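Here is a friendly briefing to read with the sequence and the 3D view side by side. Take it one topic at a time, and find each residue as you meet it.

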Amino acid sequence: MVDLGEQKVKTAGRVAALQAKLRQENFDGLLVCYFANRRYLSGYSASDMLPHETSGFLLITSQEAFLITSPLYEEQAQQEAPGFEVVTFGKGISFAKRIAELIVGRGLKRVGFEANAIIFDTYLGLVRALEDKAELVPCRGLVEAFRLIKEAEEIATLRRAISINDQVFNEIEPLIEPGVTEKQLAWEIERRMRDYQGEALAFETIVAGGPNGAKPHATPGERPFEPGEAVVIDMGTRYQGYNSDMTRTVCVGAPTPKFKEIYNIVLEAQLKTIEAIRPGLTGDEADTIARDLITSYGYGEAFSHSLGHGIGLAVHELPGLRKGNKETLEPNMVHSIEPGIYLSGWGGVRIEDLVLVTTDGYELLSAANKRGFWS
Ligand code: ZN
Ligand code: ZN
C-alpha cells in the first residue's frame, strides 16, 4: 500500500514546482492530459489503456489542483490523489463542459494543454464549452522536464522493476531451444513477470527468432526456433507505475560464424558507449560513439534506430540518445543503451541495458545474464 501522507507531500512538492514554472511562463493554469504526467503530479494511477476522458485530466492553477474524472474512478482518484480536489462529470454535464466550468469559474484566461496527448475531439469540445472566455495554448514538455531527473524514490522503484525483469530473463534463458515457438516463450516471460509482482507488461514483449529479428519491433508468432539462429528478446515489466526495458539476443544451440560476428560488433558498441556515459555528454555524442563503431565494421546502415531513450513512468521519455540531440546527460537521469544490427532475411541482434547517470559517470542498472564476446 502507498503511504498517503508521504504521497501527499511528494506530489505537493511536484505541483508547487510546476506552479512556479507556470507563473514564469504566464499561464493561469495547465491541463495535464498525458497519463505519465498525471500520475507523476497526483499519484492517481489510472491505466494508460483507458480512453482519456474516462481516466481524466488534471487542471493545475496557480493556487489549486483538480482531478477531473469519470464517476467510475471517483473513489480511486480520491484515495490515490489526496492533494487534489476530485471533480466528476456525468449527469448531463460532459467532460469538456466540467473542465470549462472550472476554468471560467476561476476567471482563468490563459490555460495550457498538453498538445501531444489530447484527442482532437476533446480539444474541440473544450473550445466550444469555453465560448471564447479563455484561451487554450498548446504546451509541450513542461512536466516532462521535471520527470527527466529522477528522485531517489523513483530510482528505487525503477531498480525493483528492473530486478524483476532480470530475474525473469535469467529463468527463461534455458528454455530457448529448437522447436519452442516465439509465442510460447513470450508467455513464459509474461507469466513470470506477474508472478514476481510486476503489475503489467511495460510494453508488448518482443520475441523474434531468425529472420523475424530483422524487424526491430517484431510481434511473437507461431514460428518455432531453429538451431543456429538468433533470437531477439526485448522485455519490460511495470512495477508501481515504473517501467523496465531490456534486450538480449541469444543463439539457439551452437552459434554460427555470422552470429558471432554480428553479436560481437553490437556488444562492443554497447559496452564502449556505456563506458562513456557521464554528465555533460550529449545524446548526439552518445549515439555517435555506437554508430561510428558499427559503421567502422560496415553495418552502419543496419543500425536503423537511435541509441536509447529515457525511462520512468513512460517506457519512452527524455532524454533521447539520438542524432541531433544537443541536450546533455545529467546526474539521476535513467536511460537505455540499445544498439542493434538488422539484416533482412537473416535476422537481428540488439543488446539493451538501462543505466543511471551518476555525478561522475554511470551505474549499470540491468543485471540480466549477458553473453560476453564469442571467440
Ligand atoms: Zn527494449
Ligand atoms: Zn528500449
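**Charges over rings**

- The charged end of R371 lies over the ring of W374, 3.6 Å from the ring centre.
- R14 does likewise with Y40, its charged end sitting over the ring at 4.1 Å from the centre.
- A charge sits over a ring if NZ of Lys or CZ of Arg is within 6 Å of the ring centre and within 35 degrees of the ring normal.

**About the model**

- This is a predicted model, in which local features need pLDDT of at least 70 and side-chain atom pairs count only at pLDDT 80 or more, while totals for chains, interfaces and linings use all residues.
- Residues are numbered from 1 along each chain as its sequence is written, chains are lettered from A and ligands numbered from 1 in the order in which they are written, and side-chain values use heavy atoms, with hydrogens and water left out.

**The zinc ion (ligand 1)**

- The protein donors here are D234 (OD), D234 (OD), D245 (OD) and E352 (OE), and they lie 2.0 to 2.5 Å from the zinc ion (ligand 1).
- Donors are N, O and S atoms within 2.8 Å of the metal (3.2 Å for Na, K and Ca); water is not among the atoms, so sites may look incomplete.
- The arrangement around the zinc ion (ligand 1) is irregular because its four donor atoms subtend angles of 57 to 145°.
- For reference, four donors count as tetrahedral if all angles lie between 85 and 135 degrees; four count as square planar and six as octahedral if opposite donors are over 155 degrees apart and all others between 65 and 115; anything else is irregular.
- Along the chain, the donors of the zinc ion (ligand 1) follow the spacing D-x10-D-x106-E.
- Distant parts of the chain are linked by this pair: D234 is in strand β9 (residues 230-235), and D245, eleven residues apart from it, is in the loop between β11 (242-243) and β12 (246-251).
- Strands (E, at least two residues) and helices (H or I, at least four) are DSSP runs, numbered from the N terminus.
- D234 counts as buried because its relative accessibility is 4%, and D245 counts as buried at 3%.
- Buried means under 20% relative accessible area, exposed over 50%, and partly exposed in between (1.4 Å probe, protein chains only).

**The zinc ion (ligand 2)**

- D245 (OD), H309 (NE2), E338 (OE) and E352 (OE) coordinate the zinc ion (ligand 2), at 2.0 to 2.2 Å.
- What does D245 bridge? D245 bridges the zinc ion (ligand 2) and the zinc ion (ligand 1), which lie 3.1 Å apart.
- Around the zinc ion (ligand 2) the four donor atoms subtend angles of 81 to 161°, so this arrangement is irregular.
- The donor residues of the zinc ion (ligand 2) are spaced D-x63-H-x28-E-x13-E in sequence.

**Aromatic rings**

- How many aromatic pairs does a search of the whole structure find? The search finds eight.
- One of them is F89 with F95, an edge-to-face pair at 5.2 Å centre to centre, with 65° between the planes.
- Rings of Phe, Tyr and Trp (its six-membered ring) pair if their centres lie within 6.5 Å; planes under 30 degrees apart count as stacked, over 60 as edge-to-face and the rest as tilted.
- F89 is buried, with a relative accessible area of 16%, and F95 counts as buried at 1%.
- F259 and Y263 have ring centres 5.6 Å apart and planes at 25°, so this pair is stacked.
- F259 and Y263 are separated by about one helical turn because they are four residues apart in helix α10 (residues 257-276).
- F57, F89 and F95 form one aromatic cluster.

**Sheets**

- Six strands form an open sheet with mixed pairing, in the order β4-β3-β2-β1-β5-β6.
- β4 (85-88) and β6 (135-139) are the edge strands; each has a single partner strand, so one side of each lacks a neighbour in the sheet.
- Two strands pair if DSSP finds at least two bridges between them.
- β1 (residues 29-32) and β2 (residues 57-61) pair in the antiparallel sense over four bridges, and L30 stands opposite I60 in β2.
- An open sheet of three strands has the order β8-β9-β12, with antiparallel pairing.
- β8 and β9 pair over four bridges, and G209 stands opposite V231 in β9.
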